[in-house]
Amino acid sequence: FKHYGLPIVFWGKENEEILVLADTGSTHNVIASKTLTSYSLEYQELKSVDTVFGLGGSTETKEAMVHFDLLTLNDGDVGRITRKDLFKVQDEYFYNADAGKNSSEALPPIEAVLGVPFMAKENWVLDFCMGIIYIHK
């Protein structure tokens with residue numbers, strides 16, 4: 001929450017960290033095609049093509065089943081939760097708050113979005129007052 005003002009989670013894969021938005025207004029998971037090819041993410045492209053509608057208009061997307069590791073923090077210990085889920089694949093990053101700033105002060109782009117269906121399935125609770133996300137057991 002701190003730097004972006006949004007609920008951000010991290011994926012980790014082989015010493016890489018990917019910023020992912022937990023979006024309470026999204027009906028789908030979305031990932032940038034550059035993210036799939038730039039990191040060591042395991043994924044299977046599916047044949048289906050779809051149109052996604054958002055604040056910026058609409059865009060045509062492909063679909064992929066993506067395997068990822070969510071990084072967790074519990075009493076100071078970093079852990080990993082391995083998951084796979086269906087994602088809409090779009091050409092551009094979802095959100096790049098610092099596009100155009102010099103690299104020393106720019107924040108990394110948000111490269112994927114986890115939508116409401118994923119968060120509900122995983123029993124996530126987003127506490128916007130405390131700036132944390134936790135799993136309801």
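1. Two strands pair if DSSP finds at least two bridges between them; helices (H or I, at least four residues) and strands (E, at least two) are DSSP runs, numbered from the N terminus. On these terms, strand E8 (residues 124-127) pairs with strand E9 (residues 132-135) in the antiparallel sense over 4 bridges. Trp 124 stands opposite Ile 135 in E9. The hairpin has 4 residues between its strands, and Gly 131 adopts a positive phi near 75 degrees.

2. The model is predicted: local features need pLDDT of at least 70, side-chain atom pairs count only at pLDDT 80 or more, and totals for chains, interfaces and linings use all residues. Residues are numbered from 1 along each chain as its sequence is written, and side-chain values use heavy atoms, leaving out hydrogens and water.

3. The structure holds 3 salt bridges (a side-chain nitrogen of Lys or Arg within 4 Å of a carboxyl oxygen of Asp or Glu). In one, Lys 88 meets Glu 63 at 2.6 Å, N to O. Lys 88 belongs to strand E6 (residues 77-90) and Glu 63 to strand E5 (residues 57-74), 25 residues apart. Both are buried, where buried means under 20% relative accessible area, exposed over 50%, and partly exposed in between (1.4 Å probe, protein chains only).

4. Glu 122 and Arg 83 form a salt bridge at 2.9 Å, N to O. Glu 122 lies in the loop between H2 and E8 and Arg 83 in strand E6, so the pair ties together parts 39 residues apart in sequence. Glu 122 is buried at 15%; Arg 83 is partly exposed at 29%.

5. Asn 123, in the loop between helix H2 (116-121) and E8, has a positive phi of about 60 degrees although it is not a glycine.
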